[in-house]
Amino acid sequence: MISFTVTALVFGVVFLAELPDKTALAGLVLGTRYRASYVFAGVAAAFLVHVALAVAAGSVLTLLPQQIVHAITGVLFLGGAAVLLFKKDEDEEEVRKPENQSFWKVAGAGFMLILVAEFGDLTQIMTANLAARYDDPLSVGLGAVLALWAVAGLGIVGGKALMKRVPLKLITQIAAVLMLGLGVWSLWEAVAG
């Protein structure tokens, strides 16, 4: 049986923790380039995997060496920033046509980005801790996955709305600078931790 109280508590905690995180940024970037429903399908599937792992592992995930996780995440963000900064300019109209991208390609890109970037993330560890604390894996899992899906959806929809008012090139440059900052921050955490 699902506990509404535990589900609501977990939703609130995970939503607030994930909102300023890289998920909204990743969703925003992908949402400006590809069909929102395709992006969301891949991102949602990756979060489902993350929550299942977190709930199943309980508090064991807190034992992962955070320096390694931060180092890998930092390198991936720096790589993403480099790709965005040094990519040849594309025709904006071409990028906006979602029919140029297959469902599997776009959903797969969203899935892999979130699967790798969010592994060992604060919200995954938090979900594992909440699952261990409340001993209610279904309620904790439901609250966590709904919160993560909500944040991803906000990022993706925000990306689509933003693209209507701001040139894609500017959005890409800002995203690259943010990714660069996140990469440097993650590498600093790996070294300092």
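Trainee: What percentage of the 193 residues of the chain count as buried?

Mentor: In this predicted model, 41% of the 193 residues of the chain count as buried. The chain exposes about 10200 Å², and carbon and sulfur atoms supply 72% of that area.

Trainee: How do you know what helix α1 should span, and what is the distance between its end C-alpha atoms?

Mentor: Helix α1 covers residues 4-18, and at 1.5 Å a residue its 15 residues should span 21 Å; the end C-alpha atoms are 21 Å apart, which agrees. The expected value is 1.5 Å times one less than the number of residues.

Trainee: Which residues of α1 are buried, and why are they said to be on the same side?

Mentor: The buried residues of α1 are V6, T7, V10, V14, F15 and E18. They cover an arc of only 150 degrees around the axis, which puts them on the same side of α1. On the other side of α1, the residues F4, T5 and L16 are exposed.

Trainee: What makes V39 count as buried, and where is its place?

Mentor: The place of V39 is in helix α3, residues 36-57. Its relative accessibility is 0%, and since buried means under 20% relative accessible area, V39 counts as buried. Not counting residues up to four places away in sequence, V39 touches L30, Y34, V106 and I156. The C-alpha atoms of V39 and G27, which are 12 residues apart along the chain, are separated by 7.6 Å.

Trainee: What is the reach of helix α7, and which span is expected for it?

Mentor: Helix α7, residues 122-134, has 13 residues and reaches 18 Å from its first C-alpha to its last, close to the 18 Å expected at 1.5 Å a residue. Its buried residues are T123, Q124, I125, M126, T127, A128, L130 and A131. Just after α7, D135 takes a positive phi of about 50 degrees.

Trainee: Why is T127 called buried, and which residues is it in contact with?

Mentor: T127 lies in helix α7, and at 2% relative accessibility, against a limit of under 20%, T127 counts as buried. Leaving aside neighbours within four places in sequence, T127 is in contact with V14, V51, A54, V55, V140 and A144. T127 and A54 are 73 residues apart in sequence, yet 5.9 Å apart in space from C-alpha to C-alpha.

Trainee: Why is L180 called partly exposed?

Mentor: L180 has its place in helix α9, residues 168-192. Its relative accessibility is 39%, and because partly exposed is what falls between under 20% for buried and over 50% for exposed, L180 counts as partly exposed. Leaving aside neighbours within four places in sequence, L180 is in contact with L78 and A81. The C-alpha atoms of L180 and A81 are separated by 5.4 Å, although these residues are 99 residues apart along the chain.

Trainee: Which residues form the nonpolar patch on the surface, and which helix gives the most to it?

Mentor: The patch is formed by I2, F11, L138, L142 and L146, with about 400 Å² of accessible area together. Helix α8, residues 137-163, gives the most to the patch, with 3 residues.

Note on methods: Residues numbered from 1 in each chain as written. Predicted model: local features only at pLDDT ≥ 70, side-chain atom pairs only at ≥ 80, totals over all residues. Heavy atoms only, no water. Buried < 20%, exposed > 50% of the residue type's maximum accessible area, 1.4 Å probe, protein only. Areas by Shrake-Rupley, 256 points an atom, 1.4 Å probe, with all protein chains shown as cover. Patch = residues over 30% accessible without salt bridge, like charges linked within 9 Å, V, L, I, M, F, W, Y side chains within 5 Å. Salt bridge = Lys/Arg side-chain N within 4 Å of Asp/Glu carboxyl O. Helix = DSSP H or I, 4+ residues; strand = E, 2+ residues; numbered from the N terminus. Contact = heavy atoms within 4.5 Å. Arc of directions from axis to C-beta.
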